[in-house]
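Please keep the sequence and the model in view while reading.

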Amino acid sequence: ATANYEEAALYNLAVSVTDVGGLVTTETVLVYVRDVNEPPWVGTTEVAVVENRAVYELGKIEAQDNEQTQSGLSFTWVSTTPYGDYSAGTCTSLLPAAAVAVDGTVTTQAATSGYTGTSGCTVRVNVSDGTNWVLADVAVDLKEHNVAPVLNDASTTIDEDHDIATA
């Protein structure tokens, strides 16, 4: 079994010793577990941005730490890598002013327009509890905005006794 301070700070371990003559002695050994600051871990692996939004909150990166709440963690944007049909330049244009707030909220300012496809960028984020840190990759998917069709004003002329539906 692995000792875990968050589960128990003290374990009672029964130790038995048998000699060659068959006599047995059993004693209880107290095992004290020292609390160790463990690194945080990240639960969010994907956020999305819809094209044509000026300022858009992509989502919140959820992270946890055994020793403190998420509010005690800090988040830092490390790098961006493309996937799918994207190039590094596309990621830079997709997320030109992207940021991760101290609370894990990810925002961006200029999603591309006219987007079609299934590509995006992987953002590497550093999550720290002040002592330990972990790098996490979060997929930022660009979602196509459903644009309403446009019907231009039109007029036509037909002869009388003609079916309007076929004009």
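This is a predicted model: local features need pLDDT of at least 70, side-chain atom pairs count only at pLDDT 80 or more; totals for chains, interfaces and linings use all residues.

Which residue has a side-chain polar atom that lies 2.6 Å from the backbone nitrogen of Asn 132? The residue is Asp 129.

## Overall make-up

The protein chain contains one helix and eleven strands. Read from the N terminus, the order of its elements is β-β-β-β-β-β-β-α-β-β-β-β.

Of the 167 residues in the protein chain, 25% count as buried. The accessible surface of the chain is about 11200 Å², and 51% of this surface belongs to carbon and sulfur atoms. When contacts between residues at least 6 apart in sequence are considered, 62% of them join residues at least 24 apart.

Asp 129 is buried but takes part in no salt bridge; Arg 34, the nearest side chain of opposite charge, is 16 Å away. In general, side chains of opposite charge can pair when their charged atoms come close.

Leaving out residues up to four places away in sequence, Asp 129 touches Asn 37, Glu 38, Pro 39, Pro 40, Asp 65, Glu 67, Gln 68, Gly 72 and Leu 73.

## Ser 128 in strand S10

Ser 128 belongs to strand S10. Ser 128 counts as buried because its relative accessibility is 17%, and the cut-off for buried is under 20%. The Ser 128 side chain reaches the backbone nitrogen of Gly 130 at 2.9 Å.

Apart from neighbours within four places in sequence, Ser 128 is in contact with Pro 40, Gly 72, Leu 73, Ser 74 and Trp 133. Pro 40, Gly 72 and Leu 73 are also among the residues that Asp 129 touches.

## The salt bridge

How many salt bridges are counted? The count comes to one. Arg 124 and Asp 137 form a salt bridge in which the closest N and O atoms are 2.8 Å apart. The pair links distant parts of the chain, with Arg 124 in strand S10 and Asp 137 in strand S11, 13 residues apart.

Arg 124 is partly exposed, with a relative accessible area of 32%. Asp 137 also counts as partly exposed, at 38% relative accessibility.

## The nonpolar patch and the N-terminal segment

Leu 13, Val 15, Val 17, Val 29 and Val 31 make a nonpolar surface patch of about 370 Å². Strand S1 (10-18) and strand S2 (24-32) are the elements that each give two or more residues to the patch, and S1 supplies the largest share, three residues. Val 15 is located in strand S1 and, at 34% relative accessibility, counts as partly exposed.

Ala 3 lies in the segment before S1 and counts as partly exposed, at 48% relative accessibility. Although Ala 3 and Val 33 are 30 residues apart in sequence, their C-alpha atoms are 6.8 Å apart in space. Ala 3 touches Tyr 11 and Val 33, when residues up to four places away in sequence are not counted.

Technical notes
Residues are numbered from 1 along each chain as its sequence is written. Side-chain values use heavy atoms; hydrogens and water are left out. Patches are made of residues with over 30% relative accessible area and no salt bridge: like charges are joined within 9 Å, nonpolar side chains (Val, Leu, Ile, Met, Phe, Trp, Tyr) within 5 Å. Accessible areas come from the Shrake-Rupley method with a 1.4 Å probe; for residues, only the protein chains shown count as cover. A salt bridge is a side-chain nitrogen of Lys or Arg within 4 Å of a carboxyl oxygen of Asp or Glu. Helices (H or I, at least four residues) and strands (E, at least two) are DSSP runs, numbered from the N terminus. Buried means under 20% relative accessible area, exposed over 50%, partly exposed in between (1.4 Å probe, protein chains only). Lys and Arg count as positive and Asp and Glu as negative; His and the chain ends are not counted. A polar contact is a pair of N or O atoms within 3.5 Å; within protein, one must be able to donate a hydrogen and the other to accept it, and residues adjacent in sequence count only if both atoms are side-chain atoms. Contact means heavy atoms within 4.5 Å.
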